Amino acid sequence: MYTKKWTWLISAAMVIMMLTLTGCQTIQGLDLAKAIQNGASVKSSESKGTLQLELVPGDTSKLSAADKATLSALQNVKVELAVKTQDNQHSSIDGTIVYSKGSIPFTVALEGTKINLAITGAKKPIVIDLLGGSNISFMKLLPKAIQDQFGNKILEIKPALIGLLLGNTPNPANLSVSPVTDTVNGESLSLQKAHMEMSGTEFASLLQKLLANVLTDEAGLKDVLSQLYDALLPVIQEQIQAGDDSITLKLLTNKDLALGVVYSPIHDYIKGFADSLTASITGTDASKPGLLPTKELFGANSSLQADIYIDGDKQVRKQVLALNIPLTDSKMGASALKLTYTNETWNLNKPITASTINTSGALQLGLDATSIYKLLANQDKQSTLYTMLKDDLHVTKKDVNMATDGSGATDDAPQPFIDANGKTMVPVRFVSEQLGAEVGWNGDLRQVTITDYVTGKTILLTLDSKNATVNGAAAPELESAATLSNNSTFVPIRFIAEQLGCIVSFNDDTRVVTIHRD
């Protein structure tokens, strides 16, 4: 149904709530920006928090029985978190996801930009490298050793990065400060509470102004890059001492030259992000038609409230955030989404030991389209997380639409054709990857290997042959041989659909063939 929209909405809402905290200068004697920057400088701490998601029921008359069941299952979801931060490179989270069908305990151990994850019901621990395989253009300018340490060094200069954002964020219009007495981890404290309210349109404007200001703050951006260079310099020197005599690495020893080379690509990257945000806010981003309309997220009827509690040492000790987004699409069956987050922090800069996870034999996940399918395959089918992903979020549900008249052909999406035998031939890589399978190519043997994480099948095809194997055993003979056309391998649609557990349909009016997977 619309579960991908829900997933995106939850992610976007969390980003909004966290970014909101970067605003605000001195108000009624409280330097909130300084308090937030102090928080970024804290080396170690303990905290606990709760994230609550509520879908407010709306008109469900247009939903199928299955969609109504999904909406009911996900109507209230809560995530409970207990966090230990050892230093800026190591922290851990013991958490539990609670929803209508049960609870899902999990543990996260963060090591720099690597996320080590252990989930109840998983066959293996999981490792996610947030920067591994990233498609950030300016990263490609750097040697491999620098790329590997880039994310960790960014964490080291987090106060400077937060300072750049704070210095360029305008104040929200509705902000007040009052003295209060409240508890943090059971301890009664005298605090100052900063209360903030804004609409979706106000926040959209704030974000746009923030990015515009950062783009014009050349001195501020270069200062942050200078600090990042200083953090990376020992890595550069270590590589040179180890015998790496590459020209690129030697050029990086010249700080002025290095900063001059990376400034423009990073500035362009931020500019691209700003343009993308503006397109999303204005509704002109046509590249993502499946996402929830951002006019609701950034609309006048959406609201964000934040209470931030500051102690006498100008440290953030507690946060209460609430985001409310009205939903106008009747097909969703919900009238609004409410997202609340509470957090309190203690033991600031005290000795803390984060938990660790044994990652030997771990499943390596990236940020590509197949990751969610690998995650699903890694779960026991009786586990609560498998049920949530497969039956409630319907992560495997997908339609692949392809025009057979050539009208939709692109370099990335080659179109089907009818072969001499009258069989519809489809591009095996495009179809498989759209459905979450991985495709490999052996040029010497002229063979294609499809690894499907949903069915657990490994399919082997050979060009110009009607023979194929599935999990090593011979499959029924193909109606037509696998063939190469326009540098893409094509196979009969019936074969690929049957092997991946899909249903094929054809629209005579639009000449579009659809492969559907539940």
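User: Which residue of β8 stands opposite Lys114?

Analyst: In this predicted model, Lys114 stands opposite Asp129 in β8.

User: What makes β7 and β8 a pair of strands?

Analyst: The cut-off for pairing is at least two bridges found by DSSP between the strands.

User: In which sense does β8 pair with β14, and over how many bridges?

Analyst: The pairing of β8 with strand β14 (residues 363–365) is in the parallel sense, over 3 bridges. In this pairing, Ile128 stands opposite Leu365 in β14.

User: Why is Leu339 called buried?

Analyst: The term applies under 20% relative accessible area. Leu339 has a relative accessibility of 0%, so this residue counts as buried. Leu339 is found in strand β13 (residues 334–346). The C-alpha atom of Leu339 is separated by 9.5 Å from that of Leu304, and these residues are 35 apart along the chain.

User: Why are the buried residues of α6 said to line one face of the helix?

Analyst: The buried residues of α6 are Gly200, Phe203, Ala204, Leu206, Leu207, Leu210, Leu211, Val214 and Leu215. Viewed down the helix axis, they fall within an arc of 170°, so they line one face of α6.

User: How does the reach of α6 compare with the expected span?

Analyst: Helix α6 (residues 200–216) has 17 residues, and 25 Å separates its first C-alpha from its last. This is close to the 24 Å expected at 1.5 Å a residue.

User: Why is α2 called roughly antiparallel to α5?

Analyst: Helix α2 (residues 32–41) and helix α5 (residues 158–167) pack at an angle of about 160°. Angles over 145 degrees count as roughly antiparallel, and α2 is therefore described in that way relative to α5. Their axes are 8 Å apart, and the crossing of α2 past α5 is right-handed.

User: What makes β16 and β23 edge strands?

Analyst: The open sheet that contains them has 4 strands in the order β16-β17-β24-β23, with antiparallel pairing. β16 (417–418) and β23 (483–485) each have a single partner strand, so one side of each is left without a neighbour in the sheet. Elsewhere in this sheet, strand β17 (residues 424–427) pairs with strand β24 (residues 488–492) over 3 bridges in the antiparallel sense, and Val426 stands opposite Val491 in β24.

User: Which strands are at the edges of the sheet that contains β18 to β22?

Analyst: The order in this open sheet of 5 strands is β18-β19-β20-β21-β22, and the pairing is antiparallel. β18 (438–442) and β22 (473–474) are the edge strands, as each pairs on one side only. Strand β19 (residues 447–451) is joined to strand β20 (residues 458–462) by 5 bridges, and Ile459 in β20 is the bridge partner of Ile450.

Terms used: Residues are numbered from 1 along each chain as its sequence is written. This is a predicted model: local features need pLDDT of at least 70, side-chain atom pairs count only at pLDDT 80 or more; totals for chains, interfaces and linings use all residues. Side-chain values use heavy atoms; hydrogens and water are left out. Helices (H or I, at least four residues) and strands (E, at least two) are DSSP runs, numbered from the N terminus. The expected span of a helix is 1.5 Å times one less than its number of residues. Buried means under 20% relative accessible area, exposed over 50%, partly exposed in between (1.4 Å probe, protein chains only). The arc is that of the directions from the helix axis to the C-beta atoms. Axes are lines fitted to C-alpha atoms, for helices over the stretch in contact, and angles run from 0 to 180 degrees between N-to-C directions. Angles under 35 degrees count as roughly parallel, over 145 as roughly antiparallel, 65 to 115 as roughly perpendicular and the rest as oblique. A crossing is left-handed if the near helix is turned anticlockwise from the far one by less than a right angle, and right-handed if clockwise.
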